[in-house]
Amino acid sequence: MNRLAVSPLSRARCRKTERLWSQSPQIYSELTISRARRCGQVRCVSSAPRVSSASPKLDERARLSALWAPTGGIAASSNDSHSLLVRAGFLRQAHSGIFHMLPLGRRVQDKLEKLIDKYMAKLGSSKVDLSSISSEKLWERSGRLGSVGSELFRFKDRKEAGYLLSPTHEEEITSLVASSVKSYKELPVRLYQISRKYRDELRPRHGLLRSREFIMKDLYTFDSSVASALSTYEDVRKMYSALFDELKIPYLVAEADSGDMGGNLSHEFHFPTSKGEDHVISCDRCGYVANEELAETPPVTSSGSRAKATDESNGNAEDIKIWRGISRDRTVMINVWYLGLSDSGGAVLPDAPQVNLHAIKALYPKLDTSIEIPPYQGIAGDADDAAVQTLSNIPEICKATKLINIVDGRLFTSNKRPEIFSHPEYNGWNNGSILGNSKTPAPDVELITKSPSSGERLNVLRIRTGDACPRCPEGTVKVQEAIELGHTFHLGTRYSQPLNASVMTPLELIRTKDEDYEIADEGKAYGASRQVAMQMGCHGIGVSRMIGAVADTLADEKGLNWPRVMAPYEVVVVPTGKMDNAAVAVYDTLAASTDDIFTDLVLDDRSNAFSWKMRDADLVGYPVIIVVGKRWMEERMVELQCRRLNVCEYIHIDKLASRVNDCLVKL
């Protein structure tokens, strides 16, 4: 402590002065200043009771003067959640899709990780920290290197060995457990980590919501049988629901497609938000909720699942539309034919039907969903050579040697069906003129009109709000934009089989319920035992993404709003002019409260104007703001503000701690 010696003091007098400071900082401060003035000295008083405005006050209290929180960095007119996080000093962008977490952002991240740790402990999970670097050879063994290779950050060492920055750790954790666990008696095993992951996003956007470096929690579970793995899966789902409940923010749990992760059972946890890239379908009657990727669609029985699209009264009418795509190797062009909705001038209406790319990819898995061939106007061939030439200049289709025509079932049940085969583009492909050269050999043409699995007419259009529910006859569905924050996967033996993660299991146990056990590929009989592949699960939560999503969900016109469990501080104490010592007293009263609910406090002792401090408090999004003003001196009253609960009231200091906690338990 850098105390100022205003005059030579004996050791005894020093001890007396220290006791005075500990008992009454205000009296000590006034006494020291008075002595300094009498001595004619112009110096700063000791750093404990008072410090120059340029230096932080260092004591046991949490003070904003001691926290580095650079504000600004982006225009105040930008009010999206990412801009608010930057302006409030939570983060800064380092490179495209890569961000630095600043002290305020780090506090939010630490609190969220602490919340996750709490629920992972309830599951009996052990925390690990795996390397961010993985081997290409390991990913080749699992079969994922080719399927997700374009999204990987890959590099070679000086020996030309291939490595990558892991976007996920299924291969590494499976290899680790396979080398350590040998008997079914050692299962179940539940391991989790919270670590940085990497994905070479084609188009990073929305700040933390779609970045190239991100923080995730991954829980990996290993069981010996299908039954125990499914039981573990349900335990994790319930624990995830409890975790999301504690955030006190509305969320959706949807049936989902497992995608490249593998397995045949998965659920997603979503926050509804306009920035979400997922579309979640929910029924207002039966409780059916599913991601659009997996959402069921009712059979096509008429020209539309809702009312007939043609509306003669306003001039809107159905007409044939074509969505064009290309395969990843650029050798196959895909035309999707469907009934669109246009106005009298031919312009597509905002609520017109749209093609469901998930349905198209299910029919043709090699589709490159990142590219859509733009439409062209006119008739292919001699009727409009300019239009054909324009299309032939699109590099994506110049290599195409095959055409797949996919026809939505509504076209076949409408009077528009004959127009498909007489359509100039369909005929143009058949004679090769669509490539701009009548001598071009006609490509192979394939026509798909029915589902390969069910044999029913295709439904390739996106579900819209108001469509019939696929599960119940009375319900209608609602479509919400949402962002995925958590995902649970039952992987089965997707990784354990190729990576040889198996355990020795008695034949007697296997025979009691052999459908619950999967014999490992390399499994051999060892007396009365066999090698059984481990049943795996993977359960993720996007930590950094959740920070961005919560900011987006709760922000208002004044700034951010944090749920209590994630707020950088739960309560900020802000003094008006000349109320610094009173604010310290209020802070100490709250900190010394014996209430059962712990309160995380911070004191805004910065030298900025009171109005600036209040705007900053709103921008940062502290759940509760305590203003210490003029009513303190005579009435010991302070102002309590809580924006989310619409609370603004004066309250006596004796009742303050209880009232603060009343607010916090609702946030």
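Student: Where in the fold is Pro-188 found?

Tutor: In this predicted model, Pro-188 is found in the loop between α6 (170-178) and β7 (189-198).

Student: What kind of peptide bond joins Leu-187 and Pro-188, and how should I read the omega value?

Tutor: As a general idea, most peptide bonds are trans. In this structure the bond that joins Leu-187 and Pro-188 is cis, with an omega of about 5°.

Student: What is the relative accessible area of Lys-578, and what is that of Arg-636?

Tutor: Lys-578 has a relative accessible area of 87%, so this residue is classed as exposed. For Arg-636 the relative accessible area is 37%, and the residue is therefore classed as partly exposed.

Student: Is strand β20 mostly covered or uncovered, and how do I read its two faces?

Tutor: The idea to start from is that in a regular strand the side chains alternate between the two faces of the sheet. Strand β20 (residues 535-542) is mostly covered, since eight of its eight residues are buried. On one side are Gln-535, Gly-537, His-539 and Ile-541, and on the other are Met-536, Cys-538, Gly-540 and Gly-542, all of them buried, so that both faces are covered.

Student: In which sense do β8 and β17 pair with β20, and over how many bridges?

Tutor: Strand β8 (residues 213-223) pairs with β20 in the antiparallel sense over eight bridges, and within that pairing Gly-540 of β20 is the bridge partner of Asp-218. Strand β17 (residues 477-492) also pairs with β20 in the antiparallel sense, over six bridges, and there Ile-541 of β20 is the bridge partner of Gly-486.

Student: How many aromatic pairs does the structure hold, and how is one of them read?

Tutor: The structure holds seven aromatic pairs. Among them is the pair of Phe-90 and Trp-562, whose ring centres are 5.4 Å apart and whose planes are at 45°, so the pair is tilted. Phe-90 lies in the loop between α3 (81-87) and β1 (91-95), while Trp-562 lies in the loop between α14 (543-554) and β21, so the pair ties together parts that are 472 residues apart in sequence. Phe-90 counts as buried because its relative accessibility is 1%, and Trp-562 counts as buried because its relative accessibility is 0%.

Student: What is the geometry of the pair formed by Phe-244 and Phe-269?

Tutor: Phe-244 and Phe-269 form a stacked aromatic pair, with 5.3 Å centre to centre and 20° between the planes. Because Phe-244 lies in helix α7 (residues 226-247) and Phe-269 in strand β10 (residues 265-272), the pair ties together parts that are 25 residues apart in sequence. Phe-244, at 0% relative accessibility, counts as buried, and Phe-269 is buried with a relative accessible area of 0%. One aromatic cluster is formed by Tyr-240, Phe-244, Tyr-251, Phe-269 and Phe-271.

Student: Which rings have Arg-107 and Arg-144 over them?

Tutor: Arg-107 lies over the face of Tyr-569, at 3.8 Å from the ring centre. The charged end of Arg-144 sits over the ring of Trp-139, 4.3 Å from its centre.

Methods
Residues numbered from 1 in each chain as written. Predicted model: local features only at pLDDT ≥ 70, side-chain atom pairs only at ≥ 80, totals over all residues. Heavy atoms only, no water. Helix = DSSP H or I, 4+ residues; strand = E, 2+ residues; numbered from the N terminus. Buried < 20%, exposed > 50% of the residue type's maximum accessible area, 1.4 Å probe, protein only. Pairing = 2+ DSSP bridges. Phe/Tyr/Trp six-rings, centres within 6.5 Å; stacked < 30°, edge-to-face > 60°. Lys NZ or Arg CZ within 6 Å of the ring centre and 35° of its normal.
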